[in-house]
Amino acid sequence: MSLLKLIIKREFIAKVRNKSFIVMTFLSPLIFVVIAAVVGYLASMKADLRRIAVHDPANVIFNTLKNTEEYRYVNTSGLSVGVLRDSVKTEKFDGLLVVPATTKTNEIAQKTQYYSNESAPLELILDLEDQLSEKLTAQNYQAAGIDTLAINKAQADVSIQLKKSSGEDTIKGASLIRIVIGGGFGYLIMMFIIIYGNLVMRSVIEEKTNRIIEIIISSVKPFQLMLGKIIGTSLAGLLQFGIWIVLGITLLTVASAVFGIETGGTAGIAANAAAEQVDPSRIQQLLAAVWDLPIATILISFVLYFIGGYFLYSSFYAAIGAAVDNETDSQQFLLPIIMPLVLGVYIGFFTVINDPHGTVATVFSIVPLTSPIVMLMRIPFGVPIWQVILSIVLLFATFVLVVWFAAKIYRVGILMYGKKPTWKEIIKWTKYD
Amino acid sequence: MRPTVVMLFLTLHKYQPSMEHILEVSDVVKKYGDYTALNHVSLSVPKGSIYGLLGPNGAGKTSLIRIINQITMPDSGRVILDGEPLQPKHIQSIGYLPEERGLYKTMKVGEQCLYLAQLKGMSKKDAKAQLDFWFEKLEITSWWNKKIQELSKGMAQKIQFVVCVLHKPKLLIFDEPFSGFDPVNANLIKDEILELKRQGSTIIFSTHRMESVEELCDYIALIHKSNKLIEGKLDDVKRQYRTATYRIGVLTQNTEQLLYQLTQKYTVAQTHFKSLNQELQLEVAIGNDTPNNLLSLLLNNGMVTHFEEKIPSVNDIFIQTVTQN
């Protein structure tokens, strides 16, 4: 045990003292904050005002078009289309809407044209189409003698109220919260595995290229060394994550103070907008939804999946590091390891969101290689406890199996120099005693 | 084979009580897949000796050393260290300097030595005291806070040597200890090895440098193609490989007659050795005859300037055994 502690301590210190570790630790939050600030700044910038010429001699639509912050519509029905097109070319106008001078709705619907130098913004075109079709539909109703008022009255506005089977109220926004929380935790695990798994691998390769490995394993068991490496590296990683969180919060606070006026301004607008659309009871409901989540289950399972997933994958990384002589050779072996991780995230973000309890989501949340990510994304939606337990038991069983398997590869691999092994050879190593 | 040689062979392989041996390897087999690295190898390393483990590349020396160091396990067979079957606690009784050796490049010398010593089971305090002793002895105290990457290869090798002997192991295993050292430092390390032997350590010494085997080893074993071919006291092995051949120098008036007489009785070959005389230089294999008969024949025909038995060098034995098998 004390040998393991010694190894953990050395690995931890070696990682923490490393220049790139220090740089990464202190630079990453800075980069993050700068990016966030830039994005925030760009988002708060007002878009350029675009002037759209409207050639609508029959006045089908112009009167209903409303100027917005982005688009100003100018009635140019008096000018010929040719002149207007030239003025678009010379950029007097950003676009030109030509509505045929007729009252036949069919012709209008099919022959309305939009001219611009660059490709037209999709958002604008959709908006124009909506307005035109609404207008034309109303005209068609009128022509056919249908009472539009009666239709409007007859229109049923459906909003299904979501309730849990236990009878409590629930709201649609709660789903989003669940996705954000589950997805965040799942994504965090994936990032941690990829970043620190790589570090474990690199440190194994380093010992091989330094040729210190044989000196070390004449004192300790390769298994102890491997475990010490994984634990030491993960502790360094947790420290780094901790520093990131603290620094990130501090920097964000400082940044918001510096950019106070602008961020405050947008926040104010957002708050106003929110106040207009959402009544206070809805906000309360959202907050209640957060508290309604199985927070204890989420946190406990996060810790369990984190440990299980990280150890599982870093054993793979350690075994790969032992099998190769340099990092370039490791690529071929890394692919099958990164695939299930990426698969997990994809399933999480596409399948779980649509159907958290569907077959695909359920299966992949129990299969050990993807369960740390997929199950964490599912848990906020409420997962039967037996599935969680089954998946954790499977994860840890696989973890024990993989560590055993990886230790065998590790033990043989660290003493092999010179040539890149094939998969077949690596499998053969596991059969050595 | 002459009766004396046969008898010698028997005494060499006679069982000796274990307490005289620090290490006994009996009937060890090690296979890697289909490849047999060690094929029923047995060795006995006497306490307090310097034991040369010889063999061409790929013979199985490193496999054997790794088994002794418990880096790998034998498929079958036993290893006894100081009277007890090999077990994890014995790691502390062994010091190992591998052929492929290195150190953490970015770690400081002192820290690294402390770490490696602690891995060998020393307390931090003991390790520090021993390190101070060795660093002063080798005059390298100023390196303590340097990183390994700032040191030359030879300097790093010195550190590795210190780490290997620091915990005062009963058994030291050196795999090519002199590679990478300049002659001055090689000599320094050689003296330290002899000093360790005087203090009672047993040293297993694996090398291709035969002159250092001649100089240092009391016992040798030769492993070739996974089998042990020779083992014994260096002198005994040499006796076993003696060919009753004498190198002679004679100043004579009648060379042809002498050669005629010699070839009648013995097998004669030309040879050359350094001499200030312009004599006839020959190698004469006398078979079952005595050296005295050869000498009197020579004395009757001229003035004898040189007469010595040709003793096989370790190099000769090595090459002869390896090429024959």
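This is a predicted model: local features need pLDDT of at least 70, side-chain atom pairs count only at pLDDT 80 or more; totals for chains, interfaces and linings use all residues.
Me: Why do the buried residues of α11(B) lie on the same side of the helix?

Reply: The buried set consists of B:Val314, B:Ile317, B:Phe318, B:Thr321 and B:Val322. These residues are placed on the same side of α11(B) because the arc they cover around the axis is only 115 degrees. An α-helix has 3.6 residues a turn, so residues three or four places apart point the same way.

Me: Is A:Thr233 buried or exposed?

Reply: A:Thr233 sits in helix α9 of chain A, residues 222–258. Beyond its neighbours within four places in sequence, A:Thr233 is in contact with A:Lys15, A:Tyr196, A:Leu199, A:Val200 and A:Tyr310. Its relative accessible area is 0%, and the cut-off for burial is under 20%, so A:Thr233 is buried.

Me: Which residue has its backbone oxygen 2.6 Å from a polar atom of the side chain of A:Thr233?

Reply: A:Thr233 belongs to helix α9 of chain A. A polar atom of its side chain lies 2.6 Å from a backbone oxygen, that of A:Lys229.

Me: Which three residues supply 24% of the area that chain A buries against chain B?

Reply: The contact between the chains involves 23 residues of chain A and 28 residues of chain B. About 2,600 Å² is buried between them, with carbon and sulfur atoms giving 56%. More than any other three residues, the contributors of that 24% on chain A are A:Arg10, A:Glu214 and A:Ile215.

Me: How many salt bridges does the rule find across the interface of chain A and chain B?

Reply: One salt bridge joins the side chains of A:Arg17 and B:Glu111, at 3.1 Å from N to O. For the interface of chain A and chain B, the rule gives a total of three.

Me: Which helix gives the largest share of the side of chain A that touches chain B?

Reply: Helices α1 (2–17), α7 (173–210) and α8 (213–217) of chain A each supply at least two residues of that side. The largest share, six residues, comes from α1(A).

Definitions and conventions. Residues are numbered from 1 along each chain as its sequence is written. Chains are lettered from A and ligands numbered from 1 in the order in which they are written. Side-chain values use heavy atoms; hydrogens and water are left out. Helices (H or I, at least four residues) and strands (E, at least two) are DSSP runs, numbered from the N terminus. Buried means under 20% relative accessible area, exposed over 50%, partly exposed in between (1.4 Å probe, protein chains only). A polar contact is a pair of N or O atoms within 3.5 Å; within protein, one must be able to donate a hydrogen and the other to accept it, and residues adjacent in sequence count only if both atoms are side-chain atoms. Contact means heavy atoms within 4.5 Å. The arc is that of the directions from the helix axis to the C-beta atoms. Buried area is the accessible area (1.4 Å probe) that two parts lose on being put together, summed over both. A salt bridge is a side-chain nitrogen of Lys or Arg within 4 Å of a carboxyl oxygen of Asp or Glu.
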